[in-house]
Amino acid sequence: MRGPAARRRHRLGVLLGVLLAVVVSLALGATAGSAADPLARAITPAAKAAPAGKDGFSTTKTLTRTFAEADGQTTTVASYDVTVRADRTQNLRGRQRVRITWSGAQPSGGRASNPYGENGLAQEYPVVVMQCRGRDGAGVPAARQLRPETCWTASVAQRSQVLRSDGEALWRVDRFEDEADRERVSGIDPFPAEQCADADVESYSTHLTEFAAAGGTVFPACDSESMPPEAAVGAAFPPAEVAAYTDENGAGSVKFEVRSDVENESLGCSHTVECSIVVVPIVGLSCDTPSTPISIADRACRKLGRFAPGSSNFANEGVDQAVSPALWWSESNWRNRFSIPITFGLPPDTCDVLDTRPPTGFYGSELLAQAALQWSPAYCLDTKRFKFQLNQMPDEAGWNLMTSGEGPAAVVSSEHTALAGQPIGYAPTAVTGFAVGYVIDRPENGGEYTQLKLTPRLLAKLLTQSYVGSDLGRGHPGMAGNPVSILNDPEFVELNPGLSRIDQEAGATLLSLSTSADVVEQLTSYIAQNREASAFVAGKADPWGMVVNPSYRKIELPRAEWPLLDTYVPQTQNSCRQANPAVYFNQLAAPVTTLRKIAEALLDSHPNVQTRCDYDASTQQYKVGRIDRQSFGARFLLGIVSLGDAERYGLRAAALQTKPGRFVPPTAQSLANAVDLTTQKRTRLPFVLDQADVARSGGAYPGTMVVYTAAKLSGLDAETAGHLAQFVRVSTTEGQRPGSGNGELPAGFLPIRDTGPTAKLLDAADDVADAIEAQRPPKTSPPAGPGGGDGGPDSSDGGTTPPGDLTPPGRSTPDTTPPTGAPTQDPVLTASPTAATTTVDSGIAGRLLPGLLALGLLAGVYSAASRFFVRVPRRPEAGGR
Amino acid sequence: MISSAVTMVALVCLWTVLQLLVLGGLSHDRAQQFLYGEFRQQLAGSVAPVGPVVPVGDPVALMRIPAIGMEQVVVEGTASGDLLVGPGHRRDTVLPGQQGVSLVYGRGGTYGAPFGDITELVEGDVIVVVSGQGETRYSVTGVRRSGDPVPLPPVEGEGRLTLVTAEGSGRLAGLTADTTVFVDASSPDAFPAPPGRPTAVPESEQAMASDPGALPLLALCLALLVALTLAVVAARERWSLTVVWIVASPLAIAAAWLTTDTVMRLLPNLI
C-alpha cells in the first residue's frame with residue numbers, strides 16, 4: 001500500500017488546501033472590492049488565450065526497460081527515444097479531438113480490432129493515451145498534481161488488477177514500485193474492506209487504482225459498481241482512452257477526444273480545472289532482482305511479447321502482461337509518461353451565466369456555430385459591447401424571424417425572399433462551407449481510409465436512395481439491378497480502391513438534414529450542375545446499369561429541403577417488421593435536424609439507420625430503433641457536416657469532384673478559389689457561387705459557403721442597429737484572426753482579409769454595416785398605387801367600397817396593378833410603404849344591434865308593464881274569492 | 001291593442017337580436033360542419049377547386065389560426081348571404097394559398113363571429129391555409145386600421161392573405177362593429193394561381209355592402225308569415241288552443257328564422 005507516502009501526501013495536501021483557501025479568499029475579496037463584476041473580471045484573464053503560435057506540444061524522452069539481475073547488475077533490455085507531439089492543446093472544447101503523433105516507440109504487436117477502452121487491453125507494446133485531471137511538474141501543488149488516480153478509464157479492468165495469481169501480479173516485481181505497492185493488497189489506503197470485500201482473498205494479489213473524482217469522491221474501482229457513474233455500462237459516450245498502435249517504423253498517431261466537465265463530470269476538466277493528456281508508451285515492465293529460486297512472477301515480468309510487430313489479435317488471445325497496457329499505472333510504465341498540458345475554453349453557457357443583459361439574437365445557420373462559440377464571450381465579457389447570441393435554426397426560419405421583426409438579424413448563406421418594401425442587407429461574416437464527412441476503416445486492420453473521393457453522381461445516388469441497402473430493399477420496384485450499397489458500386493470502387501466490399505445498410509445512405517437549409521440547396525445545386533448526375537436523376541442509367549429510385553426520378557434540383565419520397569414497405573416473414581411496417585428507405589436515410597447531430601454520429605461512428613428491431617419482453621412488443629455503433633475496424637459512415645464541426649471534432653472530409661478526374665478537398669486554398677469565383681448581383685446582396693464556374697475552374701471547393709448576417713436596413717431601433725453594425729465590423733476584423741481563443745476564428749473557416757479574394761467580402765461587410773447603422777427611415781410621401789390617392793370608388797353607396805383592400809379590382813382606373821401576377825413595381829431597396837389604409841364605415845352596422853336591443857327591451861318592458869297595470873286591480877278580487 | 005302591437009315589436013326586435021347573436025351561431029356551426037365534410041371529401045378526391053372561377057358558396061379552403069384557436073372553411077363569395085355560413089373569399093382575388101393577394105372577408109360580430117378575434121393577431125402568428133393545391137403557411141405581418149400604410153404588392157412567388165372584418169369601438173365594441181379592419185399575412189412560397197379570374201365583383205360583395213337582391217325573397221318570406229298568421233286564425237276556429245300551439249309554433253319559428261336570414265342579407269356583410 002501507499003502507506004507512509006500517501007500519508008505524507010495527505011498531510012501536505014491539507015496544508016496546501018488551507019493555504020489555497022486563504023489565498024483564494026484574499027484574492028476574491030480584493031477583486032470584489034475593486035471590480036463591479038468580479039466573476040467576469042476573474043474569468044477574463046483566464047479567457048485570454050495563449051497566442052496561436054504556442055498551441056501544440058512536442059517533447060522527446062528516452063525510455064528504457066531494465067532488469068535488475070540476481071548478481072546486482074542492471075541490464076538495459078531496450079531503449080527508445082520517443083517523441084510525442086500534439087497539434088493543439090489550448091482552449092479545447094468538449095469532444096474536440098486532438099491529433100497526437102509519436103515516433104521512436106516499440107512497434108506494437110497483437111493489435112486489437114478496437115483499441116478503445118477495455119477492448120484495447122489484449123495488445124502488446126501499445127501506446128496508452130488517456131485524459132487525466134491535474135498537471136505534472138515540480139511547481140504544481142499536490143492537490144493539482146497528476147496521478148494515476150485522476151486518470152480516466154471507462155472500465156475497471158483498465159485501472160485495477162483484482163485477484164491476480166502470482167504469475168499475473170507483475171506490479172509486485174516492478175523494480176520502481178513503492179514497497180507499499182508490492183504488498184498483496186495495495187493501491188488504495190486504507191483498503192475499503194466493506195465495499196470491496198470480494199477483492200481481498202488470501203493468496204491472490206489485488207491492486208486498486210482508485211478514481212478520485214473532481215468533487216472529492218473516491219471510487220475504489222474494485223468492480224463495476226464502484227466506478228464513477230460516467231463509466232457505467234452503456235454510458236452516453238464511448239470510451240475515449242485508447243491503447244493505440246505503433247507501426248513497424250515506431251511511429252503512430254491517434255485522434256484523441258477530450259472530455260470536458262459537461263461530458264464527464266467526475267473527471268471534471270474545465271476552463272478552471274487544469275487537465276492533461278497522458279501518453280504512456282508501453283515499453284515493458286522493468287523487473288526487480290529475481291528471488292531465488294526464480295519465481296513465476298519474475299519469469300513473467302521478463303517476457304518480451306508473444307506477438308510479432310504488426311500482427312493482429314482478432315481472437316482476443318491472452319498477451320504477455322509485462323508488455324500489455326493493463327499495467328500503465330505501475331511505476332516503471334508510469335514514469336515513462338508524457339503529460340501534455342491542455343486547457344479548456346469557456347463553456348458554451350458562459351455568457352448566459354456571466355452576463356445578465358438581454359441578448360441580441362441572431363437566428364439561423366448552423367455553419368457559424370463553431371465561430372459563434374468562440375466569438376460570443378468576446379462580446380458578452382466586454383461591457384462596451386453587447387451580448388451576442390446565435391440561435392441555430394433552419395436558415396429559412398431564421399430569415400422569417402428577421403423579416404417579421406421578431407429577430408434582429410438572420411444568419412443565412414444564400415439569398416432569401418424579402419418582403420416587399422423591406423430593404424435588407426447581407427453582410428459577409430465568415431467563409432466556411434459544408435463537407436461530406438466520413439469515417440471508413442480499411443479492411444484487415446488497415447487503419448482509417450483518408451482519401452475518400454466522391455462525384456456528384458455518387459452523392460445523387462445516395463440522396464435519391466438508389467442503393468437497395470439490404471435484401472429488404474431488393475424488392476423495390478424498378479431497382480432490381482442496383483448495388484446494395486455504395487461499397488459495391490463500381491463507380492465508387494474505381495475511385496476508392498482497397499476498401500471492404502462487405503455491404504452495410506449505412507453504406508446505402510448519406511446522413512443529411514431533414515429541414516430546409518442553404519447547405520442542402522448548395523449540395524443539390526452541385527449535383528444539378530453536373531451533367532452525368534442530373535442525367536442519372538432524370539432516369540438515365542449509369543454506365544454500370546444502375547438507375548435512380550423511381551420515387552425520386554426527375555426530382556427538381558436544386559432544392560433547399562430534401563424530401564423523403566419513397567413509399568416502399570417490404571414484405572417479409574420477419575415478425576418484428578410485420579408488427580412495425582415502415583418505409584424501409586426512410587429508415588435508412590433517417591435525416592436529422594442539425595449538422596451537429598451528424599457530426600456526433602460520425603464521431604461515435606453511430607449511423608442513424610433506424611432498422612434495428614427488438615423484442616421487448618416486458619411489454620411483449622416489437623420496437624424499431626437506431627442500429628448499434630459500428631464496430632471499430634469495419635466502420636463506414638457518410639454524412640453532411642459543416643467545415644467548422646469537421647475541424648473541431650477531427651472529422652475527415654471527402655474530396656469532391658469538380659472536373660472529371662479532379663477532386664478537391666476543403667482547404668484554405670480551395671475555399672479561397674471558390675470565393676474568388678463568387679459574384680454579386682447587386683450591392684448588399686449575397687455573393688453567389690455558380691457551380692458551373694466551379695466545374696470550369698477545377699480548383700475551387702464546391703461546398704464553399706459564405707455566411708451572411710442579414711438585417712433590415714430600415715425600421716430597426718438605433719440600439720439594435722448599433723449592435724448589429726458592431727457585430728459585422730468586429731466579426732470581419734478581430735473575428736477573422738485564426739486561433740482558438742475568445743473572439744478568434746476557429747479552424748474550418750477561411751479568414752476574411754483586406755487582400756486577396758476575400759477583400760470584396762470585407763468591402764461589402766463594411767458597406768452593409770454602415771447601412772444597418774444608418775437605418776434609413778421609411779419614406780412616407782409618395783403613394784405607390786397609381787390612379788391617385790385612395791382610389792376613387794365607383795360605387796354610389798359610401799358604405800360599400802373597399803379602398804383599404806390591397807387589390808383594386810373595383811377601382812375606376814384600368815391601369816392599376818393586377819392583384820396577382822408579377823408586381824409591376826420592382827421591390828427595390830428604396831421602396832417604401834404605399835398609401836395609408838382607408839377603412840369603410842357603416843352607420844347602420846354600428847347602430848343596428850344596440851338599437852334593436854334597446855327597442856326590444858323598451859317594448860318588452862312597456863308591454864309587461866301595461867299587462868301588470870291592467871291586471872293589478874283584479875288581484876284583490878281574486879284573493880277575496 | 002297598443003299593448004299587443006308593442007309586444008309584437010318587442011318580440012320581433014328581441015328575436016332578431018337573438019338570431020344574430022345566438023341562433024345564427026348555431027346555424028353557422030352547422031353549416032361549417034357540412035362544409036368541412038364536403039371540403040374534406042374534395043381534398044381526398046383531389047377535386048377541391050383551384051380557381052379561377054368557383055361556384056359561389058362552394059368551399060375553397062380550410063383556414064386555421066392556432067393563435068386564436070380558429071378553424072373555418074372558407075367559401076366562395078363575399079356577399080352578405082354567403083358570409084352567413086363562414087368566411088368568404090372575394091372572387092376577384094386569388095384563392096387563399098395562391099401567389100398574389102387573396103382577400104377573405106368574415107363576420108366580426110354576428111352569426112358565430114368567425115373573425116371576431118382576428119384583430120388580436122400579432123406579427124409572426126401563423127395562418128395555415130389548406131387548399132386544393134396543398135398547405136400554405138402564412139405569417140401575420142400586422143393589423144391595419146385607418147391610416148396605417150398599405151404594404152406594397154407582393155413580390156414574385158409571394159402569397160399574401162388579407163383578412164377583412166368589422167370592429168367596433170367603445171364600451172359596446174362587440175355590438176357596434178362598424179369599421180373595417182385588415183389583417184395582413186404573407187407566405188414566401190405560395191402556389192401559382194391560374195389566370196382568368198373575374199376582374200370585378202358586384203357591389204354587394206364588397207366590404208360592408210348589403211345585398212338588395214334579397215328584397216324579393218324577403219317579400220315572399222313576409223307573405224309566408226302573413227299566411228301563417230291567417231292559418232293560425234283559421235285553425236283556432238276548429239282546433240283546440242293546445243293543438244294550434246303545437247302545430248303553429250315550429251312553423252312560426254321556421255318562418256321567422258328564414259325571414260331573419262333574409263333580412264341579414266340586407267345588412268352590411270362584415271358585421
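What does chain B average in pLDDT, and what share of the residues score at least 70? Chain B of this predicted model averages a pLDDT of 90, and 100% of the residues score at least 70. The model has an ipTM of 0.87 and a pTM of 0.65.

**Figure 1. Chain A, an overview of helices and strands.** Chain A holds 881 residues. Its secondary structure comes to 22 helices and 27 strands. Buried residues make up 48% of the chain. Take the contacts in chain A with a separation of 6 or more: 72% of them join residues 24 or more positions apart.

**Figure 2. Helix 6 of chain A, residues 369-380.** This helix has 12 residues. From first C-alpha to last, helix 6 reaches 16 Å, close to the 16 Å expected at 1.5 Å a residue. An α-helix has 3.6 residues a turn, so residues three or four places apart point the same way.

**Figure 3. Burial along helix 6 of chain A.** The helix is mostly covered, with 12 of its 12 residues buried. Among them are A:Leu373, A:Trp375 and A:Tyr379. A:Gln370 and A:Gln374 are also on the buried list.

**Figure 4. An open sheet of three strands in chain A.** The strands run in the order 5-7-6, and their pairing is mixed. Strand 5 (161-164) and strand 6 (185-186) are the edge strands, each pairing on one side only.

**Figure 5. Strands 6 and 7 of chain A, a parallel pair.** Strand 7 covers residues 205-207. Two bridges link strand 7 to strand 6. A:Val185 has A:Thr206 of strand 7 as its bridge partner.

How values were computed
Residues are numbered from 1 along each chain as its sequence is written. Chains are lettered from A and ligands numbered from 1 in the order in which they are written. This is a predicted model: local features need pLDDT of at least 70, side-chain atom pairs count only at pLDDT 80 or more; totals for chains, interfaces and linings use all residues. pLDDT is the predictor's confidence in each residue, from 0 to 100. Helices (H or I, at least four residues) and strands (E, at least two) are DSSP runs, numbered from the N terminus. The expected span of a helix is 1.5 Å times one less than its number of residues. A residue is buried if 20 or more other C-beta atoms lie within 10 Å of its own, exposed if 12 or fewer, and partly exposed in between; C-beta atoms are placed from the backbone. Two residues are in contact if their C-beta atoms, placed from the backbone, lie within 7 Å. Two strands pair if DSSP finds at least two bridges between them.
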